[in-house]
Every structure is written in C-alpha cells, then in structure tokens.
Amino acid sequence: MIRVEDLTFHYPRAAAPAVREASFEIGRGRIFGFLGPSGAGKSTVQNIMIGLLPAQKGKVLYDNKKIVELGKSFFNRVGVSFEHPNVYEKLTGLENLKYYGGLFSVPTINPERLLEMVGLADAGRKWAGQYSKGMKQRLVFARAIMNRPEILFLDEPTSGLDPTTARKILNIIIAEKNRGATIFLTTHNMLVADELCDTVAFINEGQIVNQDSPRNLKLQYGQKAVKVEYRNNGKVETVLLFPEKPEDRDQLNHLMEQRKVETMHSQEATLEQIFIKLTGRGLA
Ligand code: ADP
Ligand code: MG
C-alpha cells in the first residue's frame with residue numbers, strides 16, 4: 001500500500017540530516033510504528049509522507065503513485081493528526097469539526113458524535129483556544145478520523161494524555177485498524193508501539209536501525225529464560241532457569257511439584273531494552 005524508499009531530509013543550516021535513507025513498506029490494513037526518542041526524525045518522516053515537506057532524496061509511493069499524481073483525492077482518503085495541534089482557536093471545538101468536515105467531498109462522521117468519542121462532548125461549545133494541550137490533541141485526532149480515512153497518520157497520538165484518555169484513543173486506533181485503515185504512527189512510548197503495531201521501526205538520529213513485529217524483536221533480543229520466585233523455608237528466593245537445558249527443566253519441575261512457586265516470568269526483552277541495545281540510548 002505505502003512504500004517509502006531511501007528517504008533523506010536535511011533542514012537548512014542543520015548540522016546533520018534529520019532523516020537518512022529511511023526505507024519501509026506498510027501493508028494495507030496494517031499499523032506501522034516509528035519508535036524513537038525526541039528528535040529522532042519521526043515527525044519529519046510523517047511530514048514528508050503527507051507532502052508537507054518535499055523529499056530531498058528518495059520517494060513515497062501510495063499503490064505505486066506519488067502524492068502529486070493522486071491530486072485532490074488524496075485529501076479525501078487520508079487523516080492526519082499532528083504532534084503540535086493546529087486548531088482554529090476562535091472557533092469552538094464543534095465549529096472546528098464542522099468547518100473541517102465541509103472541506104471533504106466524502107461523507108464524514110457527525111461532529112457531535114466525534115467529540116463524544118474522544119471525550120470532548122462537554123467542551124464542544126468552548127473556544128478551542130481555551131482547550132488544554134491534551135484537549136486540542138484530541139480535537140485534532142477526532143478531525144483525523146472524521147472522513148473514515150483509508151490511510152491514517154498519527155504523530156504521538158497519546159503523548160501527554162492521562163491513562164484513561166490515552167486508553168480511549170488507543171481503542172479508537174484499534175477500531176480504525178479493524179475498519180480497514182492503514183496506519184502510520186509515531187511514538188516514544190514502547191507500550192503503545194508494542195500493543196498497536198504490526199511492525200515497529202526503531203529510529204535514532206534519522207536512521208532506522210531495525211524493523212520487525214514487536215514479537216519477533218522481543219524474541220530475537222530476549223533471553224529464552226523464566227524467572228521463578230519460590231518460597232524456601234518461608235523466605236522468597238529467585239532463580240533464572242533456561243528450559244532448553246535439561247537440568248534447568250528438572251529444577252523447574254521440582255519447584256512446581258513442591259508447590260512453592262509464587263511467580264514465573266518469561267524473560268523476553270522490552271522494546272526499550274532492545275532500543276538501548278541497538279542505539280546505546282533510551283527512549284526518554
Ligand atoms: P521527532 O519527531 O522524532 O522528535 P523531528 O522529526 O521533529 O523528530 O526532528 C528531527 C530533527 O530535525 C531534530 O534534530 C530536530 O531538531 C530537527 N528539526 C525538526 N524540525 C526542524 C525545523 N523546522 N528546522 C530545523 N530543524 C528541525
Ligand atoms: Mg515528533
């Protein structure tokens with residue numbers, strides 16, 4: 001569906017390129033995520049993909065066509081939510097959505113319904129200028145899904161939201177995928193990437209350092225071990241066992257038979273641990 005080849009972008013006067021030869025593909029109906037710390041180049045890639053910034057090198061293809069070849073139909077087919085919410089501050093939340101909805105030449109979801117979905121039903125008649133950052137972000141998110149887009153771009157969709165609200169947004173993203181949308185999202189939150197993405201690309205200093213499904217990444221970099229906590233004469237003890245080793249298997253069986261086991265955890269790596277292994281830095 002989407003193919004990005006060798007994307008490179010250098011902001012004028014910047015010391016180093018913001019994006020270097022990034023290549024990836026997103027299958028129809030898939031969620032593809034960019035995971036990386038602030039400044040890694042995620043938003044720059046999104047902005048090139050939607051045609052806001054020109055690709056200086058490389059290309060972005062939608063079903064083998066460039067954006068310029070898609071013309072006005074592209075606008076009707078995509079939804080975009082930006083990291084820095086751009087709303088009309090002198091219009092209410094409701095008016096923002098009504099105005100934006102009028103720009104499409106495809107059916108759109110009822111604005112009141114959208115506000116309710118993102119938890120802004122009570123704020124619909126307030127000026128968007130009076131919204132908090134998180135509220136503006138949700139308004140922009142609602143705007144992004146109003147045309148039931150075929151392709152959805154979400155730049156840090158849950159950053160800065162409280163856990164309950166973030167959950168609401170994550171559930172909508174999952175519903176959008178189930179509806180058939182192809183989704184590109186950026187995040188510095190490994191839990192969001194892990195839960196939502198079919199494929200995660202780690203991006204650091206403008207370069208993709210690895211990309212695969214979260215499951216494959218965690219298996220590739222994790223330990224095939226279980227950490228077992230058990231009670232021994234009333235004291236809690238911990239042991240790391242590798243079930244591939246016969247002696248560890250025996251010990252595990254022994255512990256289970258003694259019914260002393262309190263917890264067992266498989267030791268796959270977290271996406272953040274893998275990120276640190278690959279880049280030498282964390283996501284914060
Ligand atoms: P991310 O979204 O991963 O935080 P960005 O794509 O926003 O990363 O930024 C990548 C790099 O490009 C950073 O070093 C950032 O400082 C730089 N950058 C971003 N926008 C601009 C701009 N308009 N002008 C110059 N440099 C920029
Ligand atoms: Mg960004």
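Predicted model: local features only at pLDDT ≥ 70, side-chain atom pairs only at ≥ 80, totals over all residues.

Me: How many helices and strands does the protein chain have?

Reply: Helices (H or I, at least four residues) and strands (E, at least two) are DSSP runs, numbered from the N terminus. The protein chain has 11 helices and 12 strands. Its C-alpha atoms fill a box of roughly 70 × 45 × 35 Å along the principal axes.

Me: How much of the protein chain is buried?

Reply: Buried means under 20% relative accessible area, exposed over 50%, and partly exposed in between (1.4 Å probe, protein chains only). Of the 284 residues, 45% count as buried. Accessible areas come from the Shrake-Rupley method with a 1.4 Å probe; for residues, only the protein chains shown count as cover. The accessible surface of the protein chain is about 14,600 Å², and carbon and sulfur atoms hold 49% of that.

Me: What share of the contacts joins residues 24 or more positions apart?

Reply: A contact means heavy atoms within 4.5 Å. Take the contacts with a separation of 6 or more: residues 24 or more positions apart account for 66% of them.

Me: Now the ligands. Which residues are around ligand 1?

Reply: A residue is near a molecule if one of its heavy atoms lies within 4 Å of it. Around ligand 1 these are Tyr11, Ala18, Pro37, Ser38, Gly39, Ala40, Gly41, Lys42, Ser43 and Thr44. For sorting them, Ala, Val, Leu, Ile, Met, Phe, Trp, Tyr, Cys and Pro count as nonpolar, Asp, Glu, Lys and Arg as charged, and the others, Gly among them, as polar. The shell holds 4 nonpolar, 5 polar and 1 charged.

Me: Which polar atoms lie by the oxygen atoms of ligand 1?

Reply: A polar contact is a pair of N or O atoms within 3.5 Å; within protein, one must be able to donate a hydrogen and the other to accept it, and residues adjacent in sequence count only if both atoms are side-chain atoms. A backbone N or O atom of glycine 39 lies 2.6 Å from a ligand 1 oxygen. For lysine 42, a side-chain N or O atom is 2.8 Å from an oxygen of ligand 1. For serine 43, a polar backbone atom is 2.8 Å from an oxygen of ligand 1. The protein covers 57% of the 560 Å² of accessible area that ligand 1 has on its own.

Me: Which protein donors does the magnesium ion have?

Reply: Donors are N, O and S atoms within 2.8 Å of the metal (3.2 Å for Na, K and Ca); water is not among the atoms, so sites may look incomplete. The magnesium ion, ligand 2, has Ser43 (OG) and Glu83 (OE), lying 2.1 to 2.4 Å from it. The pair links distant parts of the chain, 40 residues apart: serine 43 is in helix 1 (residues 42-49), and glutamate 83 is in the loop between strand 5 (78-81) and helix 4 (93-101).

Me: Is glutamate 83 buried, exposed or partly exposed?

Reply: Glutamate 83 counts as partly exposed because its relative accessibility is 28%.

Me: What does threonine 92 touch?

Reply: Threonine 92 is in the loop between strand 5 and helix 4. Leaving out residues up to four places away in sequence, threonine 92 touches Gly124, Arg125, Lys126, Trp127 and Ala128. Its side chain reaches the backbone oxygen of glycine 124 at 3.4 Å. At 11% relative accessibility, threonine 92 counts as buried.

Me: Where does lysine 177 lie, and which side chain does it join?

Reply: Lysine 177 is in helix 7 (residues 163-179). A polar contact of 2.7 Å joins its side chain to that of aspartate 198. Lysine 177 counts as partly exposed, at 23% relative accessibility.

Me: What is the phi of asparagine 233?

Reply: Most residues other than glycine have a negative phi. Asparagine 233 has a positive phi, near 50°. Its place is the loop between strand 10 (226-232) and strand 11 (235-241). Asparagine 233 counts as exposed, at 80% relative accessibility.

Methods: Residues numbered from 1 in each chain as written. Chains lettered and ligands numbered in written order. Heavy atoms only, no water.
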